[in-house]
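Hi,

Here is the structure I promised to pass on.

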Amino acid sequence: MFLIIGTKYRVSGSELTTGQHRCGRCGTLAPFIKKSGRNHLTLFFVVPVFPVGKTQSFIECPNCKARYQT
Ligand SMILES: [Zn+2]
């Protein structure tokens with residue numbers, strides 16, 4: 001059997017931040033989307049098997065999707 005193992009960054013959560021943030025890329029001033037992500041080991045680069053590494057939190061601009069570390 002031939003298995004292809006890879007890693008994939010999976011993002012979860014779509015909570016809005018309480019305050020407004022100014023995006024450094026597109027200049028939008030709005031509540032950003034709070035997300036957290038974690039690398040997952042995958043089979044065939046598609047099926048996430050189990051998480052590796054630690055969870056990282058970031059906020060995302062709702063307009064241009066730029067990500068900023070919290
Ligand atoms: Zn932006």
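Cys23 is buried, at a relative accessible area of 2%, whereas Cys26 comes out partly exposed at 32%. Bear in mind that this is a predicted model, so read everything below as computed from that prediction. Both cysteines are zinc donors: the ion is held by the SG atoms of Cys23, Cys26, Cys61 and Cys64, lying 2.3 Å from it. Along the chain those donors follow the spacing C-x2-C-x34-C-x2-C.

What about the geometry at the metal? The angles between the four donor atoms run from 108 to 113 degrees, and that makes the arrangement tetrahedral. For reference, the ideal value for four tetrahedral donors is 109.5 degrees.

Now the fold around it. Four strands make up an open sheet, ordered β1-β2-β3-β4, with antiparallel pairing. β1 (5–22) and β4 (67–69) are the edge strands with a single partner each, so one side of each has no neighbour in the sheet. On average, neighbouring strands are turned by 40 degrees against each other, ignoring direction.

Going through the pairs:

- β1 with β2 (residues 29–43): 13 bridges, antiparallel. Glu15 has Lys34 in β2 as its bridge partner. The two strands form a hairpin with six residues between them, and Gly27 in the turn has a positive phi of about 80 degrees.
- β2 with β3: ten bridges, again antiparallel. Here Asn39 stands opposite Val52 in β3. This hairpin has three residues between its strands, and Phe44 in the turn has a positive phi of about 60 degrees.
- β3 (residues 47–60) with β4: three bridges, antiparallel. Glu60 sits opposite Arg67 of β4.

On backbone angles, there is one more residue to check. Lys65 has a positive phi of about 70 degrees although it is not a glycine. You'll know the background: most residues other than glycine have a negative phi. Lys65 lies in the loop between β3 and β4 and is partly exposed, with a relative accessible area of 48%.

Which side chains does Glu60 meet through polar contacts? One is that of Arg67, its partner across the strands, at 3.1 Å. Another is that of Lys35, at 3.3 Å.

Leaving out residues up to four places away in sequence, Arg67 touches Tyr9, Val11, Phe58, Ile59 and Glu60.

Then Lys35, which belongs to β2. Is this lysine buried or exposed? It counts as buried, because its relative accessible area of 17% is under the 20% cut-off. With sequence neighbours within four places set aside, Lys35 is in contact with Val11, Ser12, Gly13, Gln56, Ser57, Phe58 and Glu60. Val11 and Phe58 also turn up among the contacts of Arg67.

Last one: Thr17, found in β1. Thr17 is buried too, with a relative accessible area of 12%. Its side chain reaches the backbone oxygen of Gly19 at 3.0 Å. Beyond four places in sequence, Thr17 touches Pro31, Phe32, Lys34 and Ile59. Two of those names have come up already: Lys34 is the bridge partner of Glu15, and Ile59 is one of the residues that Arg67 touches.

If you open just a few views, I'd pick these:

- the zinc ion with Cys23, Cys26, Cys61 and Cys64;
- Lys65 in its loop between β3 and β4.

Cheers

Key
Residues numbered from 1 in each chain as written. Heavy atoms only, no water. Pairing = 2+ DSSP bridges. Axes fitted to C-alpha atoms, helices over the stretch in contact; angles between N-to-C directions. Donors = N, O, S within 2.8 Å, 3.2 Å for Na, K, Ca; no water. Tetrahedral: all angles 85-135°; square planar, octahedral: opposite > 155°, others 65-115°. Buried < 20%, exposed > 50% of the residue type's maximum accessible area, 1.4 Å probe, protein only. Polar contact = N/O pair within 3.5 Å; in protein donor to acceptor, adjacent residues only side chain to side chain. Contact = heavy atoms within 4.5 Å.
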